[in-house]
Structure formats: C-alpha cells, structure tokens
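This report describes a protein structure for a reader who is new to the subject. Please keep the sequence and the model in view while reading.

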Amino acid sequence: MKRLQEDLASIIEGVDVIMLDIEGTTTSISFVKDELFPYVRREVRNHLEATWEEEETKADVAALTCQVRKDLAAGVNGCHALPGDGGGREPLLDALVANVFAMMDADRKVAALKTLQGHMWRRAYHTGVVQGHVYEDVVPALKAWKAAGKKLIIYSSGSVAAQKLLFAHSVHGDILHLFDGHYDTAVGPKVESESYTAILRRLRCDPASLLFVTDLAKEAWAARAAGVHVVLSVREGTAPLSAEDRATFPTISSFAQFLQAPAKKARAGPKDETQPGEEADREEEDEDEGEEEEDGDDEGEEEEEQDESEGEENDKD
C-alpha cells in the first residue's frame, strides 16, 4: 500500500492534466444502468412524439435513421428495417424505438444514440426526475487538484451534453465549474490509442503530463499506448482485472487514495521521528531556542531546555 501511495503521489505531482472517465470512476455503474438507461427506455417514445416537430428532435431522427441504414447495410445483428417513404409517422416511430432498444441492448456507442440520450436526460435533470450520482470521495479530490492548478478533463462515451448535465445537476450540487473540458467518442473510440493522441494534440499537452483514470482495462491499455499515465478505478460493479492489468497499472477504490499519499521526505538532515502529539512540544522548544539566541542573557530554565534539545539532536545524529 505504501508503494502504491508513493506511485500515486509521484504521478499526480508530475502531471498538469487529469482526465477522468465517468461510469465506474466518478459515478457508480448502477446509476447509469439503473436510472439513466431505464429512463430512456421508458420515455423514448413519449419524448419523440412530444417533440417531433422541434428542430432538435428532427436532427435526432435524421441521425438515427442514417445510423440504422448503415447498420442494415453492414448486417449488424438486431437491426430493424425502416418503413418506406410515405409510410407515416407511427411506423417510423415504431422502427426507431425498436432500434434504440437494440442499440442499448448491444451497448452501442454510436453518436446518434448518445446524442438522443443526452437530450432526453437534459429534460430529466431539469425537471428534477434525475440527479447525477458522483461518489463522495470525488469532489474533495477535484477541489484539491483544482487548487493545485491541475486542468481537469472528462472523457466519456456519453455525449458531452450528457456529461455536463450530470455534473451540473449532481447530488452535490453544481460542480460543472470544476472541469476545464469534455470529450466524447466524437474524438474517437476510447479503446483506440489514436483517440488519446488526438486529445493530447487538442490540449497541446505532452503525454507524460496527462493522467487518465478509468475503470476499463481496454481503455487503460489504449491510453498507455499513447504514452499517458493511467490509474485503474476499481469500484462496485466494475469489470474484473487480470493479473497483468494489476501488475501494469496502479489501482484505486476511492479518490481519497490520491489525497492520502505520503508527504515528501526532506532532502537533507536527520530523519524526523516526531510522533503525533509531540509536534507542539518540538515547536515550543524551537521557539525557546530562538529567544535564547536573540536575548543571550537568559541562562535558567530556557538554557536547560536548549541543552536537552541539543542532546536529543546529537543522539539522532
């Protein structure tokens, strides 16, 4: 554990940018699976019907239609055929909803689905139906890193809009202001190293100056291939890690571990073995010694304390 904390301290100190995944890292997997996704399944048809004539929904429908046609041409399993032109709104709605369900069942990360989900979650957050889950240990770490001048970035498969909604309407209030940037799969898939290289270019950041924290080993290996530092998050419900994963990457189960790293050792001088509770006594002795050096004429109790202090230093040497 001590070696792990030293590694974490060294990584944090050496980077300028800390990039975080969301699901399984800042936010519980159960929140996404048990609240956000069921909301989409439950409300997608109502949402599309209620907003059908709005420009945003028209764009969502067009994007979904385009994606389904690509999937049908590629022979993707689970795709549902779209009605022909002139078939009417209801048959198209039936087909789109069926394809949304199929994409979600397959855990597809396509932009058309993620954008629609983001628009739906916006309504849920704004109406108070949903509050974004963020682990208790995350916020103190974010604030500490921000105070230390670190740039904080989110890289998630969820759309940028959905990311911002989660943090703006979190159970801890609006913490969106703590982040300096957001990336989603528009920059590239999270399991490909080129995506991390693209982010580095956009940030104008050296690979060694960026830390990525994620719960997925495939993402960790992709990021490592791009030269960035990686720490794996092991939370309730996250996927099991192999022995190779654990041997390669530091792991955490709480962001508090980033803040518990041991203090740096002094570069020179005797080892400080002061125990808890003795620090105040040591400070008082140091103050007494300083007063004796300034006055030069008190040789009573203060001189005796100075002799004792010097004796202790000689013993340590």
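## The largest pocket

On a 1 Å grid over the protein atoms alone, a pocket is an open set of points with protein on both sides within 12 Å along at least five of seven lines. The model considered here is predicted. Its largest pocket has a volume of about 760 Å³. The lining of this pocket is made up of 33 residues, and those that lie nearest its centre are Glu23, Asp107, Lys109, Lys114 and Ser157.

The largest share, 6 residues, comes from helix 2.

## The sheet and the helices on it

The model contains an open sheet of 6 strands in the order 3-2-1-4-5-6, with parallel pairing. Strand 3 (181-183) and strand 6 (251-252) form the edges, and each pairs on one side only. Strand 1 (residues 17-20) is joined to strand 4 (residues 210-214) in the parallel sense over 4 bridges. Within this pairing, Met19 has Phe212 in strand 4 as its bridge partner.

Helix 7 (residues 160-168) packs on the sheet, where it touches strand 2 (151-155) and strand 3, and the direction of helix 7 makes about 135 degrees with that of strand 3. Helix 9 (residues 217-225) also packs on the sheet. Helix 9 touches strand 4 and strand 5 (229-233), and its direction makes about 170 degrees with that of strand 5.

## Val231 in strand 5

Val231 has its place in strand 5. Is this residue buried or exposed? Val231 is buried, because its relative accessible area is 0% and the term applies to values under 20%.

Leaving aside residues up to four places away in sequence, Val231 touches Leu8, Ile11, Leu211, Phe212, Val213, Thr214, Pro250, Thr251, Ile252 and Phe258.

## Helix 5 and its surroundings

Helix 5 (residues 111-126) has 16 residues. From its first C-alpha to its last, helix 5 reaches 22 Å, close to the 22 Å expected at 1.5 Å a residue. Its buried residues include Leu113, Leu116, Met120 and Trp121. Which helices do the buried residues of helix 5 pack against? They pack against helix 2 (29-50), helix 3 (55-74), helix 4 (89-105) and helix 7. Just after helix 5, Gly128 takes a positive phi of about 80 degrees.

Asp107 lies in the loop between helix 4 and helix 5. Its phi is near 55 degrees, a positive value in a residue other than glycine. Asp107 counts as partly exposed because its relative accessible area is 44%, a value between the cut-offs of 20% and 50%.

Arg204 is found in the loop between helix 8 (193-203) and strand 4. Although Arg204 is not a glycine, its phi is positive, at about 55 degrees. With 81% relative accessibility, Arg204 counts as exposed, since that term applies to values over 50%.

## Cavities

A search of the whole structure finds 2 cavities of 30 Å³ or more. The largest cavity has a volume of about 60 Å³. Its lining includes Asp71, Cys79, Asn99, Met103 and Arg108. Helix 4 gives the most to this lining, with 3 residues.

Key
Residues are numbered from 1 along each chain as its sequence is written. This is a predicted model: local features need pLDDT of at least 70, side-chain atom pairs count only at pLDDT 80 or more; totals for chains, interfaces and linings use all residues. Side-chain values use heavy atoms; hydrogens and water are left out. Two strands pair if DSSP finds at least two bridges between them. Helices (H or I, at least four residues) and strands (E, at least two) are DSSP runs, numbered from the N terminus. Contact means heavy atoms within 4.5 Å. Axes are lines fitted to C-alpha atoms, for helices over the stretch in contact, and angles run from 0 to 180 degrees between N-to-C directions. The expected span of a helix is 1.5 Å times one less than its number of residues. Buried means under 20% relative accessible area, exposed over 50%, partly exposed in between (1.4 Å probe, protein chains only). On a 1 Å grid over the protein atoms alone, a cavity is a set of points where a 1.4 Å probe fits but cannot get out, and a pocket is an open set with protein on both sides within 12 Å along at least five of seven lines; lining residues have an atom within 4 Å of a point. Grid points are joined across faces, edges and corners, and a volume is the space filled by probe spheres set on the points.
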